Structures are given as C-alpha cells and as structure tokens.
Amino acid sequence: MAKAVKIKKNVEEGLFDFLKSLLETEKIKGVFTLKKMDDNGAVSYSLITSPDEFKKAVPLYPFMPVNAGKALSSFTLLGKTEEPIAAVLRPCELRAFVELIKRAQGDVENILIISLSCGGVLSLNLMGDKDQESTVSKYWESVKKAEISPDTRETCQFCENFLPINADITVAAVGNKDLDKEFTLFFNTPKGEEFSKEASGSSVSEEIETKEINDFKKKREELKEKFFKETQSEDTGLKSLVNIFAPCLGCHGCSHVCPICYCTLCEFDSKTHNYPTSSLGSDLMVKGGLKVPSGNLLFHLGRMTHMAVSCVSCGMCSDVCPVNIPVATIFSKVGSSLQKEFDYFPGKDIEEPAPQGTYKEDEFTKIGEQ
Amino acid sequence: MNNNQKETKTNPKKGKILPAEKGIREEVLNIFKKALADNIFDALLIPAKVPNTDAYSWILLQDESLFDIADPLPPVMTVQGGRALSSFSKNGELDLKIAALMKPCEIRAAVELFKLHQIDLNLVTLISIDCPGAMPLTDYMNDPKKIGESFKKISEKWEISESLRPACQNCHRFSLMDGTASDLHIGLVGENNKVTLIPNSSIGNDLLEKLGFEPNDSLKEWESKKEKLVKEKTKKRDAFLKEWQEKTKKTDGFFNELNKCINCHNCMNACPICYCQQCYFDSQTINFKPETYIQKTKEKGALRFPLNTMLFHIGRMSHMVLSCVSCGACEDACPVSIPVGRLFSMVGDQTQKEFNYVPGLNREDPLPLQDFKEDEFCEVETPNECEEKVTEEAK
Amino acid sequence: MNKNIGVYVCECGPNIPERIDIDKVVKELSSLNEVKTVKKHSLLCSNDGKKFLKEEIEKEELSHVVVAACSPKDHENTFMKVCEEAGMNPYLFQLVNIREQCAWMIPDKEEATSKALKYIKAGIHRVMYHDPLEKKELEIKVDVLVIGGGISGIEASLSLAGPNRKVHLVEKTDSLGGMAGKLSQILPHQGSKIKLVKEKIEQAKNNENINIYTSSEVKEVRGFLGNFEAVIQSNQENEEGKVEEIKAGAVVVATGFDLYDLKENPAYGYGENENIVSALEFEDMINSEKIELKNGKKPKSVALVHCAGRKEKGYCSKVCCLYNLKFAHYLKDNLPDVEVKELYMDLCLPHKQDQSYFDQAKEKGVEFIRMDEIVKTKKSGDKIEVEYKNNDKTDKLSVDMVVIAPAMIPSKDTSELAELMNLPLDKSGFFKELHEMLDPVATPMEGVYITGCALGPRNIPESMTQSHATSGKILSSLIPGRKVKPEVKVSEIKEDLCTGCQTCLSVCFYGAISYDPFKGVSVVNEAICRGCGSCVGSCPSGAIRSKHFTYYQLYQEVMEALR
Amino acid sequence: MKNQNVLVIGSGVAGMEASLVLADAGLKVHLVEKDSLIGGQTIKFEEVYPNMECATCMLAPKQQEVLQHDNITLYLLSEVKKTEGSLGEFKVQIEKKARYVSLINCIGCGACYDPCPVSLDNEFEEGMSQKKAIYVACPGALPNAPAIDPENCVRLNGKKKDCNACEEACGFDAIDFTEKDETVNLDVGAIIVATGFDQFDVSSLPEFGYGKHPNVYTAMEFERLYAQNGPTSGKLTLREDKPIKSAGIIHCMGREEKGYCSGVCCMYSMKFAHFIKDKAPEAKIHEFHTDLCIPGKSHQKFYDGLKNKIEFTRYEDIEVKGKNGNLEISYTNNGKKNSIKPDMVILSPAMVPSAGTENLAKILGISQDSMGFFSTQDQNLSPIDSEKEGIFVIGCAEGPKDIPESVSQAEAAAGRVLSFLQ
Amino acid sequence: MNNKQIPNIIGFLCNWCSYTGADLAGTSRMKIPPSLKTIRVMCSGRIDPLFVLKSFLKGADGVMMMGCHPGDCHYQKGNYNARRRYVMLNDIFKTLGLEEKRIGLWWVSASEASRFAKVTNEYNEEVKKLGTNPAKEEIFL
C-alpha cells in the first residue's frame, strides 16, 4: 500500500507549498506546471526554476491549454533531463506522455511525476472569460462533491480513467469534502517516497480508491454510454459521418494539438493527399458536384488509423475545433473499441509496444480463412 | 495572365441592372442557373448549406438540383474562398470552365494565390459580390438558428453591426475596387431588390453578352450607395487601426494579446495566404537538449510551453502579412479567441502602405518581395548617397 | 523531362484476341494524349517480338514503355532486358497483365475488353510516376568468421578456408572439439572407427588460412553480407580482455548445444547415487576403459534410460537412442555376461542404417523395455531400483548401474548471441533458420549462417552436412573479385518527414532499419532491405517510400480502376 | 578440378537447390530430369509439416529461378546413359527424349488438350484423374508447357497417322511431330545425384487390402486428393464421392520388410490427420503407429497439438479387412485385440530407392547399400560423398529423409564442389 | 446498383502467393468477376490502410486485401502486420457504422486458384447485395 500523507491545507496552496519547498531546498531544479500569464486570466504550462516566478504557479488550475504530455515530450525529445524536474500532469496527460515515450518522443528519467485524481478541466473557450473565477470555484465545488461539472470538457465528463497510472505522487482531490482544509498526498513509487519528507503533514493509512471515487466512476461510465450513442445521428453510416464532419474547415487543429499525433509533419498536410485536378472532371460527372476543399473524411479516418488506438481521450481536439465538431468523443469512441480489440490500454506500461509496431502469430486466426 | 483587362479600367463604368422580385439570392442564383444551362461554365464554385446540417461549405456545382442548397451570401465564412479555389486548381492543369462567386476579400486572396502559382485562373471566371460581412463562426455554430436570423436582418440593412465578425466590421473593401481582380462584380447595395451586374474585364463583358444582357444601365445608384458605405466603414476601420496601434504600442502589449496561444496553428491553416504545403513553423527544425531549455529557463526564471509560439506568429507575419487581405479567417478559427485577425490586419495595413501595395487589387502588380526598385528605401542604409541622388534628380 | 510513353499490346497468338478486342483497345489508347505511340504485336516475347520492341524504343525515342501482355511472373524480366538493351532504364517499364488476370478469367469479350483498357490505362499512369532506379554494386570481403570450435565449426572452417579466403575461428573454451570431442567413439555403424574429431582439429590447426582464437568471445557483430565487422575479445590469462577487430564477408554460428540438467527431475535420482551416471560420464568411463561401479566392481546389470528431458523440453533429441545402442554394444562386447536393459519411450532410428544396428543389439541379448515415463529411481540394498510406468501400470527393475541419456538443449550463451546479432530464436530456444524447409542454414540476416546443434538436436553426419551447406551458401555468394548486387526495389526514408518514432524498426523482420540518434531519424540499410514494404504501411508520417511501389504509383492504379 | 561444369541428376527440391547454389557461384550446371516438369515429389504436396506451409508457394519461386537462370541448362525427359572419367573430367552421355512441343514457342495456353482424342490415367495424380496424350502433369506445372506421350499419341504410335488435332489447336506452331530423341555429350567436373525416392509398394502386403478396397489409399494418393491443384481440386471425399466421417492412418508400411525406419512417415501421417480435421472437423481419426519417430525441435510440438484431437494407438500387429465396401482395421495393442470400422484407410509406406537407382548406379560406377540406396563413404566424414571422388549423392537418393535435410545435403554438395574449386 | 452494372472492386494482392494464385486461376480458365481490379504489391504488409480508405472514399464498392496464409509469408512476417491493419480498419468501420463488409482480408496461396475464384465470386455477390458505395455519389467528402 502506497505511503500517504495528510496535509492540513487547502489542496491548491498545499500542493503549491510542497512544490515550492522542493524547489527552494533544491531537491528539484525546476517545476513544470501551469502558470498564470497575466490579468487576462490566461494560464499556460511553464517550466519554472526561480522561486520568484513560481509565485505565479497554479498547479491545479482546471485548464489544459496544451496537453502537458506533448509539452514534456518537446522538452525531453533529445533525451533525459540531467537536472531533476517535478512535473504536474493530469492523468490523461500522463498517459499521453507514456505513449510518446514508447515512440521515442520523450524521456521520463529524472522527472518526478505528480498527478491527481482528476475532476476534469474546463473548456478552453472559458479561458479569459469575464466570470472565469466564479466558474472555477463552481468547478471545485463539484470536485469536492465528486459530481460531474457541466463546464468541463465532454471527454472529461465521461472519463473513467481519472486516477493516474505511473504517477510518483498522487494528489487525492475528487470526492474530498474538506478539500479547502485538508487533502492527502499518495507516494506511489520509491522515487516519489524520496520526497515524502518534504510534505509537511501526518502520514495516514488511506487508499486512493474510496467509495466516492467508485461512484464517480460509475456516473461517468453511464455518461460515456450516452455521449457515444449521441455521436451516431439518425441516418446511419457514411451519411451520418458526413454530417458530423460537414462543418470541418480542414484546419487540422485537432491533429496539431493531439499529443499522440507526434509526427513533425502530418502526412495529411503533405502533397501526397492534395486533390488531383485531373480527376475533377470525372468526379463532377459522377457526383454532379463536389465539396472543396475535399478530403476531410480521409483526413479524419486516416488520422484514426494512425492514432486512435493510442487515444487518451484528453479532449484537446474538441476544444480547439472552431466549428464545434465533437472530435474527441468520436475518436475516443473508436479508440476504446480498438483498444478493446487489441487488448491495449494506452499509457499503462512504457514497456508494452504500441499495437501498430507488433503482432501475435496466434491472434485473429479466423480472419482471412473464410 | 489576362492582358485585355487593362483597357477595362479606362472604360466608363456601365452595367446591367436586374429586378429581383423573388429576392436577391434567388436572382443571383438564376443568373448562374442560366449560365450553367447554356454551358457557359462547366461548374460554379459557390458556398452551399450541407443538407440536414447547419454547416456551410464550398461546392463545385454542376448538377442544377444543387442550386437548392447553394447560397451566395452565407452567414459565415467557412473556408476562405481563395483557399477553396486553390485546393482543386493547383495540382495539375484545369480543364473545366469554372465560375467562382466569392466575397471581395476572397477574390483578393485568390489573386494573391494566383501570383504565387497556387491557382490556375486560365479557365476561371472570378465573380465578386457586394459583401454585407459574415458572423463569427463559433457564434454561429453555437446557435445557428438565432445567428442565422440576425444575419438576415443585418445583411438586408447593410448595417455595420457589433455582432458581425470584427474583420467585417472594419472592412472597407467589401465591394468592387478599381482594379483587375474580378471579371464580373455583382452589386447589391444599390436600389433595393435590384441586382447590378458590373463587368470588370473583357471576360466579364463576354459573359454578360453570352447571358444576353446589354451592359447599358448606369451605375450611379449603386456607386453612390457604395461610396457612402465605404466612407462609413473606412472611418470605422481607421478608428480600429488607431485603437490597436495604441494597444500594441505599450510594452509587449502585442505579446499579451498572444499569450493565450496554444500553438494549434489553426490561424495558419485557415489563412488563404499561408499556402505552403507544410509550414516551416510546423517542422520545428530546431530541437534542443533539455539542458539548453533549462538554461534558457534559468535566464528568465520560467519558460513557457508550448515553445516558440511567439516565433510562430512573428515568423508567419513576416511570411504573409504583405499579402494579408484582412479576411479574418484566422480569428474565426482561433479556439482561444485571440484577436489575431485584427493584429495581422493592423500590421498588414502599415507594411502594405510602406510598399504602397494593395494585395489582390490588380493581377498584374508584382508581389512586393518579388520585385524591388533600386532607389527605394535608400535612406535605410546610406542616407547621404540618397540625398545626393535626390538632389541630382532635382537638377 | 517530357515523357515519351510507348504502349505495346501483345496478342499472345490467339489467346488475347479471343477474349479482348485488341483493335478497340489500341484505338482508344491512341486517343490519349499521354501516350506517344500505341501498337499491337502478335507475340512480343518471341525473338522477333523482342527485336520489334527494341527497334520501336529506339525509333520513337521512348522514355517509358508499357507492355500489355501476360503476368509479370512470365515476362517482366524478358521485357526489362529488352528496354535495357535499347538504352532505357528498365524500371521505366510496366508490364500489364491482360492475359492471366483478364482475358483468361473473363468469358464476356466486352467486359474483358473494358477491364483490359482500365488495366492498361492504370499501367500508363503508373509508369509516368516510375523512377529510373539504379542497380548498385558493393565491394565485398570474402573472409569468414566462424563462431564455435565444435565439430561443426571446424568442418565449416576447413571447407571454407582456401588460398584467397581466410577463416577466423572463435572458440570460447581453451580447446577445439566441443561436445563431439568428449565422445569415446562415433557411432561405429556409421563407418568411422577412427578418432575423427582429433584428426579434424589437427587439420584445422595446420591450415594456415584458419586463424584460431581459443578462450575468446565475439563481443560485437555489425554489417551485412560481404561487409561484416566483428570485435573478438580474448579471455586468456596473459592477454585478458584484449580485443581485436576483424572484417569478414560472412558469419557462421556453430555454438552447439548443452545437456538437460538431470537434477531438474528428481525421478531420475541423478546425483543421489554414484552409480546413476549421465551418458556423458559414461562416455568418460569408456574413454578410460574402466566400466565399474563406485565400489570398484564391474556392474552385472546396467539400465540405459532414454528420453530424459523429452517430456520436460517438449521435443525428441533424436540421437539418444543411437548412442544408447552404442553403449549397449560396448557393454556386451566388453563385459560379455552383463545384463543390459534399455528403457525407451519411442525408438527413434530415422537413419537407414540404424535399424540393423538395433537388431544386432537385440541379437546380443540387450533387453528393450517400453515405458511412458520414469517414476522413481532409488537405492535398494547395493542395487538401484528403477520404477517406470507403461500404459498406466507401473513396473520395477533393479540393476547395478543406471545410465541416463539427457536431452540436448540450447547452449547457454545462445540467447545472448542472438541478442548481439539480432537473430531470432525458436520456441525451444535454439536459433531459428530463415526458412525451416528451404533455407535450413540461413538466417534473416543475409550473410549470417548457422550450422549444427545450434539449430537444434542433430547427429554428427547432419552437422557435418550442414557445415558443408553453409560453406556452399557462402562460397557461391562471396566470390573473390565479384561484387554483391543488393535488391533495387527497397525502402527509403525521407529524413525531413521522419519523426524518429521507430515503429518501422519493430515491423522490419530483416533488421534493415536502424535509428540514427544524432539525426533523430530512422535509416534504411539498402544492402539488407528486401523491399517487402511493411515499414511503409507502418509509418504514420508517410516518411517511408518503397521504390517502384510508391504511394503515387499504386494510387494511380487505384484511380484508374475506379474511373 | 579445372572443369567448371557440373551435372545434376534429378530436379527435385534437392537437385534444384544444388543447381541454384552452384549456378549462382558462376558454374555451368546441366540439370537432367527424366520427367517433363521440374520439382520432384515435393510439388505434389499441398502443405508440408510442421508449419503446414503451402509447398507450391514455397517452391514456385525456386522453380522459376531454375528455369530463368542463365547458368542452368535443363534437360527434360532425359536420362543419363553413360559416364566415364573421374573428378574434374567426367564424360557424360545423356539421352534426351523428344517432347514434340517447343518450349520456346509454347506459351502454355493449354488450347491443345481438349482436341486430343486420347485420354489416359494421369500417373502424376496416382491415376486418380485422366490426362490427354498431350498433357501437363497438373495445373501450375513448370515449365508451363505440355509434352506428348509418344506411346499413346495416335499420330506418333501410328494408330492414326493423320491426326493433328493439337497441332491445329495451337496458335504458336509449338507442336513438332518431327522432333527426334537426341543424345547429348557433356564434359563435367562433378556429378550430383539427386534422384529421390519411390513409395514402397503396399499392394505387396495383401493384408492391408490396398487395391482390393477402393477406400484404402496410399500416402501419395491422399496428398493429391487434398491438393488444391489435384484431381478433386482439394475436395476430400471417398471414392464414391461421400464425405469422410472416420479414417484410420497406419504407419510403418514396409518398415519390417525393408528393415529400416523412413523417419518421415510419422510426421506426414499426422499431417494427414491435420488435413482431414481441417476439412472435416467432425471426422474421427485414428493413427496406428509402432514407435513414434518424430525427431527434431519442432516435431513433437506438432504431435502434442494433435494428440487430444485424435486417437493414437501403438500396434503390435494390424490388418485391414473389408466386407462389401465396409472397412475394418483390427489390431493388437499390448496383447489386447481390438478393431475399428473407418470409412477410409490411409497407408503410410516406407520410402524406397527410386526405380532407376540400380541402373544409374551401374552407369555411374558407384555401389548401392544393402537397402538399395546409393551408398556413401563414411557417414561421419562425408555423408554425401560416394566412393567415387567427384560424385555426390544427396536427398532421398542417399536414404529416407525430410525436406530440410535434403536441402542441407544439396547445399552441402555444392559446398563440396566449390571448395574443391577454391 | 442494378444487376447490369458491375460493382467496382479493388484487390490488393501480394506478389508471392495471392497474385500467383490469381494467375493460376487464369491459366485454369476459372471465371473471375470482371468487377475485380487486381493491384500487385510485393507483400500484404505493404498494403497501407490509407490505400484501403482512399479506395473506399473514392467510391470502390469493395476492397479485397489478399496475402499468403499466416506462416507462409515470403518475407516471413509481413502478413501478420497486414492482419492487424485489417482488424483495425474493420473495427473503425464497425464503430462508425460504416459498412465494414466493403473491406475484407483473405489468405490465398499460390496453388489456391480455386479458392481465389471462390472468394472473389462470393465477395462479388456480397458487394452486389450491399449496392453502390454511398461514397461514390457523396458530394461532401
């Protein structure tokens, strides 16, 4: 059972102080976490080394401006950091980071991973919103009560993987009524325990999985069912897919913010998939008309074949979509089905190879023989 | 490039005015129905509403039945028309006669892309239309019905409403300009329930002819109404420019506007002028070892992720701002509502003045950076020589 | 470069016209502005057909050629040769299969004709995207590195070493000979009475073209057929850790086998009683010509137990039956009144001469007892009691001495070596041959061969044969002065698109792709790549291109098919 | 050894492999095959154990290589008639029978079969199907061109001098009745003998009722029965075209008589069980064996995979009886008598030296061992060297063995030749 | 599609087994639906999922992937990769409510001419039942 320490402070400031002391005592050389930019309410991930700058850090602020997994990967792309760093990530961001490490896009060594039982994040369009602060406090209330906050991303509302895997330290947030008085830190790994001394609190024997947590999970699973159903509109098959993606501008923002879409240059931005002018005539002949620019569906389906099996359902893609396509929900739906098919859980185990890169000789043996 | 457009400039402007009992949209569509039926074109590039959805998108229209969903003045600008046109005409030779009905800013973008060989205009007839502006994309997607309605009202009254896209509120180039961009212009600001066709090139003339219209009607009505509107809007634009120049004067005001950026590059992908197959700033050609980043961090105390967002915006600006047509597509596409369109438009305005270049005005004007005059900007490096030169010329 | 495409439709005698309206085809194709000329010919693969094609190419100054005829399996090479002779790059040619996969499978002439047209148009558009590929040639080394100084390794070295071919023979122990060296005598019924192994070792030592490295280990092997580099580290006291780098054109792995540890299964009672000995220990007794019990007496009865470890390991080691027979013969010949009982599961005597050897043993009075498994082996008085099961009922026999024949298992450093050279292992932990049927001594790494028991249990004749086989493969691929021609239609990786995720490495069976940590991109070694294209399908960045089967080339075929 | 020519006798899997390795090395190979096609016995198999790999897929590329290799001269329908000399300087005389079909002109369209008036048993299909006097052994046979059987062609055997049905049907004037048998003389440096094996004739064992009862099959018959390109194009049925419900497979046919174990029958018998299970999963299968000889690292796994799907019985003695079409196998298993009534019996016969062995041995001046196979020198020193230096014996010509061993020996022979040349 | 119209089926065949099998089907004069257009690739492992997707979106009524039986791959393991890719595509289609039957994977060996004929004809019938691929006439792709 993991070592647990109860800290008698508001969770946000408690974690803040913990990190601050790590930084000041130079146990770690830098903290990777959310930081307030300025008065306009914007927050963004930053690597912070100076205690002074750290004042602006807001580790648990419920926004995900970028998927931190992607950010950490760009930080450790060329190898491990020599100086120890602490990083505060949400469970899905952590899973994304693990997936990226599998693909040689990052390195976790010397990074102290701190995560939390996650109540979700607010949709990005609320960032910089005039009543941002009140929304945030509403959010924290729902976290305490282990309720699903309606202001959070759709993917967050139906996310049942809100307990981190592979975290060195876990902040127990969801379902703790006294979150603004006290909270518990779980030190899950030896690496994590090295730092337990810095946590000024009394060690307790608790399990992270409480009844509240499990009920919360159930609620979200139910919601998942619901949302997944909704993605299928009345008319089925291709038509429904066409309708869903009809507004798509082809801005490919979804792939740019997707942590799993790690390619430096996306194949679908390349000349390879440009529309060949020569086939215009025949296409018009058959169809009588043609959407331009065409190829949206190829992009989305193609992107699925590339990443859906590793989709961590972080919801970035939906949030950046300028035309409100429920990209995340659809990909997450396809993803979970693929993950079942290949018995694969993205972000669980760094050693486990990604399904595209491997196979078993004795799997799917019926296929091809019919 | 089309040479016989030059003389059209000198022509005294005359056009054809058509009654539009069934409403302006209908009338405009009728013109093209006829054109297609008479095989004047093989296909028409026009916005359309995707059946069973609230979404709009560009279609190449050939089958007449599709006119039911076509809409010359949609409430939103989805993909910038220039981008749409180039998407199918840049990969090989176009062998179909195509008419493209687009907003003036889209026409301008198309012309810029044409100069960059991203569009093959040989068989394309560019047709511009007086543009009442469009609604912000996200607003519309959030509540299509309501926004759609209010757009109807706004567009009918040609009112410069606060609820229009900022780019449109500040747009003074919403109508035909004195240039060789479009072949035919469709004026709507004139008398109510009238559609005015203004040929703007020999191709435009031929087109009217083929349609059996004699371009003899005077354009006074339309011109005066247009001028009035242009004045108003220019005023509004100047105010906006002023305000924003102030805003961005104060230290890193410019950057503060951008500090929400999450590096999704939607702006770049929506921008018609960013025609690159793959953006230089996507191919993060320079990666550093973690130490280097930590070093950087230590210098400033903190290092923001994602990296290089500022580099991206400034860099992109340096690549395209001279051709920025202020269409606002970038701002529409920004998920964190950064006023990126206004920023770029403002900077564009300044730089374009420097080169006194109006993007998309004339097909013949070379791109400023593909062309230089030996004696321009000489003050930049050698003021003295410059003076000498000037004085010599004076003699 | 402007493309002059020539299209030639072969009638293949009556075969194609029967089902396809060739004139219609030619007419319709001529209307395409992509092509310069379209002609038909009665039989292009015939000599005058080839002559005709050659002249056409020269006359029309064609840059690209499409031939519509039979399956590429039949005449692709034929026509590529013609193109080459006509001074064209042969890869700017496309053979369209309108016979087997069109004329011959579609009875309806109209349908067949229209399909043929689609195929040919596809071919025309495909060939436009062809690249002029160049055949490469690589200089080679002809020397060979042999790992393992057992009988297989020695034999391979002997048949490989020659006036202009050195062999580097590396043995990790301090002496050559391996397991076979420990044997008293090699199965007599197979001919040799002489001390074969000793002779071979002598020959090897006296061959000036063989450098022998004893007490040495191979620490590193990189490269490909014709160009391997290996690091050999010596473990001799005087030169501890001294390393030597050698170059070689091929590598032979002959690391042999180990024996199943009898202690693993207590039923054999091995180690608990001095008179229960392993086959190898018994060989020593024969060598020292002292077959006696620990108390110095000669055994009056001996039980020879077969198949120790067969059930545990899941395979039959093939040789145990025979050497047990050898023991039986020896015992009967040297201790005439000794009682010999052989406990076997199945008698595995696959070689033509073995049966008679067995029959002779029977005649000498050796007793053969079927058993399913040994239940217990324990001391009782000064005898040993062996309890065994046979069709579900157990039986006992009691003897003075028990000799147990353990299964052959992979030598312990097998997996390490496999890791080092990235060679696959099979389910039993032996090295895996490239193709169990047709390439029994080759491996996925072209130029690396395996012989003898490193591949699995086998007897000495087979090991010898395989050693000769490896030398056969090597001598025919590495000829002094000749260059190797690697596959041309290989994969290549566009550096600027590669993200370095290394998915391609995991799907490449031949280890042809490696990762360049400095550039952060994957790199294809064209000398190793066989051009299957699996990597292409696996690359999300679309950074990999498989030459002659590129995206554009295949996409053209799809487009035409769908028009 | 100066002479860089090598004679290879037999174009089975071993002969082909040896030829290819030598030809790749730049030697000139003369490959002599008595049949009209290459590939030997292996191409008759649909799948080979233990991986149930498709034999045709596996061999086709090799066959193509042999046919297209510049350094290989192929003599089909040919036999070696005389040899003299020694290592490095053999003189060889080959008799090449007329094919009456030009391999250059013929493109294998097959237009000539139907018109031919004669039809005969196809021995390639163990007589289970018919062929014409102008024939290819089976679809996909290589080289893909027919041959005319002069004994049975009515034109050639004089029964109907004016018949030219095939000639008319041929669009490539590939047919040439005037073609004559010819004799070819060669100088070669070495000779590799790869003449393969025959099946032990089970009709010599009346107690198994082969020939008496229609549904008693030999192994080879069954291989063809299962083969996609075989007489039933892969449909597994009894002679009277009924599905198979139960089958008994009897190992070691002729082991006692011959005095050796062929080493492969156990495996291929189990392969048959596999086949039947594949096409008739419900079928009851009973394997009758003496000792299970399944050496090698992967074979026992094959057995383990089967042993709970089908019945294995060790027999001391066994026979097959048949009353009005119903078969019965009665056997004793350690002392106890017992019997089953399968509707099909497959007999797995021993491998015996191929018919021409004795004759060829004389021609080559090498001896046969007690079992009739070509004898080699000391098994351990040089398992494939005949007593005569420069003559090598490989594959089943040297004794019963499986494909990998044959291939090893083929490559080994090449190795021996090449190291002579070093 | 009415029975007159023949569907449009794309077949990606691996060079060593399936393509040879197809050839043999031809040599044996078996009747193969003209709707099938075969495209030769060296190994079923080369079949990029995008080819299948693109064929489908371009209006192919059916797409057949064919390769050597597992264990027979000329390149040892390529077809295992192909199999996984097929499973993925199939799953995506199912989940999104697309007609997964429009994509299929079959193992056909070099000798299995009759199997080639069987599966191609069967699939042809199946595709006819499915009718025209909606993508063919869909404007908004």
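Tutor: One definition to begin with. Helices (H or I, at least four residues) and strands (E, at least two) are DSSP runs, numbered from the N terminus. Also, this is a predicted model.

Student: OK. Where does A:D343 lie, then?
Tutor: In the segment after α14 (327–341) of chain A.

Student: What do most residues do?
Tutor: Leaving glycine aside, most have a negative phi.

Student: Is A:D343 buried or exposed?
Tutor: Exposed. Its relative accessible area is 65%, and the cut-off for exposed is over 50%.

Student: What about A:E26, what is its phi?
Tutor: Near 60°, again positive in a residue other than glycine. A:E26 sits in the loop between α1 (11–24) and β2 (30–36) of chain A. With a relative accessible area of 55%, A:E26 counts as exposed.

Student: Switching to chain C. What order do the strands of the open sheet take?
Tutor: β2-β1-β3-β4, four strands with parallel pairing.

Student: Which strands stand at the edges?
Tutor: β2 (35–41) and β4 (93–97) of chain C. Each has a single partner strand, so one side of each has no neighbour in the sheet.

Student: How are neighbouring strands turned against each other?
Tutor: By 15° on average, ignoring direction.

Student: Which strands does α1 of chain C lie across?
Tutor: β1 and β2 of chain C. That helix, residues 22–30, runs at about 170° to β2(C).

Student: And α3 of chain C?
Tutor: Helix α3 (residues 72–85) lies across β3 and β4 of chain C. Its angle to β4(C) is about 155°.

Student: Last topic, peptide bonds. Which residues does the cis bond in chain B join?
Tutor: B:F305 and B:P306, with omega about -5°. B:P306 is in the loop between β8 (302–304) and α13 (309–320) of chain B.

Student: And in chain D, what does the cis bond join?
Tutor: D:Y49 and D:P50, where omega is also about -5°. Look for D:P50 in the loop between β3 (47–48) and β4 (53–54) of chain D.

Definitions and conventions: Residues numbered from 1 in each chain as written. Chains lettered and ligands numbered in written order. Predicted model: local features only at pLDDT ≥ 70, side-chain atom pairs only at ≥ 80, totals over all residues. Heavy atoms only, no water. Pairing = 2+ DSSP bridges. Axes fitted to C-alpha atoms, helices over the stretch in contact; angles between N-to-C directions. Contact = heavy atoms within 4.5 Å. Buried < 20%, exposed > 50% of the residue type's maximum accessible area, 1.4 Å probe, protein only.
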